[in-house]
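Colleague: I am new to this one. Could you show it to me and take a few questions?

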Amino acid sequence: MKMLKSNKGSKTPLTVPSDHMIQVRDLCKSYQMGSERLQVLKHIDLTVDQGDFVAILGPSGSGKSTLMNILGCMDTCESGEYYLHGHPVHLCGDREMTDIRNREIGFIFQKYQLIPKYTVLQNIAMPLLVRGMEHHQAERACLETIRMLGLGERMSHKPSELSGGQQQRVAIARALVGHPAILLADEPTGALDRNTGLEVLELFRQLNEMGNTIIMITHDLSVASHARRVVRIVDGELFLGEEEPRQQPA
């Protein structure tokens, strides 16, 4: 079995047996703030299975964005373990993290993050181009996803010519086109009106029923309730299921 070396020099198998798509164990993260060290994530344990739809619910400053960045391989943990398909992500270097991010994670952002000068088709094709696919091949590979998201008549439009809901559909199509293991959605309805937001959440439900694994970050309980499972994060601590956050001592 191929071995990876950790930063401490110990050897760890490339993969370990796991019944879960994602397994996070005792994960911690802190940042230096002036002369003080701010503990953002505190001993997080989390599992996500294939086909799951999990909402991570928490207020501003709770640590949910930091957790999202680590799950999405955009940041690293300070201590603890993160396994994706049994692969020890916490031991990966920058290059391997980038490869995992490009191939395994489909990102959906609150502000869409579309390229203004590109058409719908060109925006959706971007993840495939990043992987090295030729333009004509990438655009052809996008067509099924474009049809599925109801964007067939908008392929040549620029983002500025679309409504907010249509732009979010383009962002979802871009996330889906590379067939990632996980769709990671950060406040996906935050920039939308209520009715359009509900349409996007219904689309997530349909995608999940098709077998897509979705992790959704939100501060809104009404949005989180559309997921199959809700976990809460408060002051960097994760609380599963119906477990209530502990009251802080006076």
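Predicted model: local features only at pLDDT ≥ 70, side-chain atom pairs only at ≥ 80, totals over all residues.

Colleague: In what order do the four strands of the open sheet lie?

Modeller: The edge strands, each pairing on one side only, are β4 (36–48) and β7 (87–88). β3 (residues 22–33) and β6 (residues 79–84) pair with each other over five bridges. The pairing in the sheet is antiparallel, and the order is β4-β3-β6-β7.

Colleague: Which residue in β6 stands opposite isoleucine 22?

Modeller: β3 covers residues 22–33 and pairs with β6 in the antiparallel sense. The residue of β6 opposite isoleucine 22 is leucine 84.

Colleague: Are α5 and α6 roughly parallel or roughly antiparallel to each other?

Modeller: The axes of α5 (residues 164–176) and α6 (residues 194–209) come within 10 Å and cross at roughly 20 degrees. Angles under 35 degrees count as roughly parallel. The two helices, α5 and α6, are therefore roughly parallel.

Colleague: How many residues in the contact of α3 with α4 are nonpolar?

Modeller: Helices α3 (residues 120–130) and α4 (residues 135–148) pack at an angle of about 115 degrees, with axes 8 Å apart. Among the residues making the contact are Leu121 and Leu128 of α3 and Ala138 and Ile146 of α4. Two residues of this contact are polar and one is charged, while the number of nonpolar ones is nine.

Colleague: Is the crossing of α3 and α4 left-handed or right-handed?

Modeller: The axes of these helices, α3 and α4, lie 8 Å apart. Their crossing is right-handed.

Notes:
Residues numbered from 1 in each chain as written. Heavy atoms only, no water. Axes fitted to C-alpha atoms, helices over the stretch in contact; angles between N-to-C directions. Parallel < 35°, antiparallel > 145°, perpendicular 65-115°, else oblique. Pairing = 2+ DSSP bridges. Left-handed = near helix turned anticlockwise from the far one by under 90°. Contact = heavy atoms within 4.5 Å. Nonpolar A, V, L, I, M, F, W, Y, C, P; charged D, E, K, R; others polar.
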